[in-house]
Amino acid sequence: MHILQIISSSRGAASQSTQLSQGIIDKLLAAHPGGQVVVRDLAADPLPYLEEAHLQAYFTPAEGRSPEQQAAVRHSDEAIAQIMAADVLVIGVPFYNFSVPASLKSWLDHLTRAGITFRYTPTGPEGLITGKKVYVAIASGGIYSEGPMQAYDFVAPYLRWMLSFLGMTDVTIARAEGLKLPEFQENAMQKGLDSVLV
Ligand SMILES: Cc1cc2nc3c(=O)[nH]c(=O)nc-3n(C[C@H](O)[C@H](O)[C@H](O)COP(=O)(O)O)c2cc1C
């Protein structure tokens, strides 16, 4: 089993989304001894925001690309190759202002390539990154799985849609939530981890 771990928190070892991801990976490795983990840290090694050179490169055939376009498309090609090589993705996501960190959005922007990771068909879009199992490990100060703040969760619905658009429909969401709420914070991590059956 090849596991790709995506880190998007900037908090290093203190990150609770990374700790939840690690707990999920430990469970996966216990169930599949010999599994291999590749780590992509988007906070330490961020992808650039999409600029004109990236977009031009996407729509220029490889043999016609300028040196600048060749360099621009490399980020996307590498991110796509990394995901294609994995069987399982474990994506750590901190809630930042009700949505995902910009580094994670940027990674998704570089992954989303017409004709390579999705295509349009007469019956609608078709994702081309298929056969992956995805775990999304979300850390948040508040509670979003239920209650009055549920309507303001722009993390899980966005990621579910974006991943399925790209072909990844087998998605398990785990939450360490209420991390800033005294009555929830003590058990939040364990509850998130226990929700994941591998
Ligand atoms: C810039 C920033 C924005 C945040 N926005 C939210 C938010 O909108 N909702 C929430 O519940 N928690 C929010 N938090 C709290 C974090 O989600 C929480 O601390 C979580 O543990 C961060 O994940 P990490 O430990 O992996 O970095 C925010 C924290 C930071 C630093």
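## A first look at the helices and the sheet

Helix α3 (residues 67-84) and helix α4 (residues 102-111) have axes that come within 8 Å and cross at roughly 90°. That makes α3 roughly perpendicular to α4, a label for angles of 65 to 115 degrees, while under 35 counts as roughly parallel, over 145 as roughly antiparallel and the rest as oblique. His 75, Ser 76, Ala 79, Ile 80 and Ile 83 of α3 make the contact with Trp 107, His 110 and Leu 111 of α4, where contact means heavy atoms within 4.5 Å.

This is a predicted model, in which local features need pLDDT of at least 70, side-chain atom pairs count only at pLDDT 80 or more, and totals for chains, interfaces and linings use all residues. Residues are numbered from 1 along each chain as its sequence is written, and side-chain values use heavy atoms, with hydrogens and water left out.

Let us turn to the other side of α4. The axes of α4 and helix α5 (residues 156-165) come within 11 Å and cross at roughly 15°. That makes α4 roughly parallel to α5. Leu 104, Lys 105 and Leu 108 of α4 meet Tyr 158, Leu 159 and Met 162 of α5.

Now for the sheet. Helices here are DSSP runs of H or I with at least four residues, and strands are runs of E with at least two, numbered from the N terminus. An open sheet is formed by 5 strands in the order β2-β1-β3-β6-β7, with parallel pairing; two strands pair if DSSP finds at least two bridges between them. Its edge strands, β2 (36-41) and β7, each pair on one side only. From one strand to the next, the twist averages 15°.

Two of the pairings are set out here.

| Strands | Bridges | Residues standing opposite |
|---|---|---|
| β3 (residues 88-94) and β6 | 7 bridges | Ile 91 and Val 136 |
| β6 (residues 133-140) and β7 | 8 bridges | Tyr 135 and Thr 172 |

How do the helices sit against these strands? α3 lies across β1 (2-7), β2 and β3, running at about 155° to β2. α4 also packs on the sheet, where α4 touches β1 and β3 and makes about 145° with the direction of β3.

Which strand is largely enclosed by the rest of the structure? That is β7 (residues 170-177), because 6 of its 8 residues are buried, meaning under 20% relative accessible area with a 1.4 Å probe and protein chains only (exposed is over 50%, partly exposed in between).

How values were computed
Axes fitted to C-alpha atoms, helices over the stretch in contact; angles between N-to-C directions.
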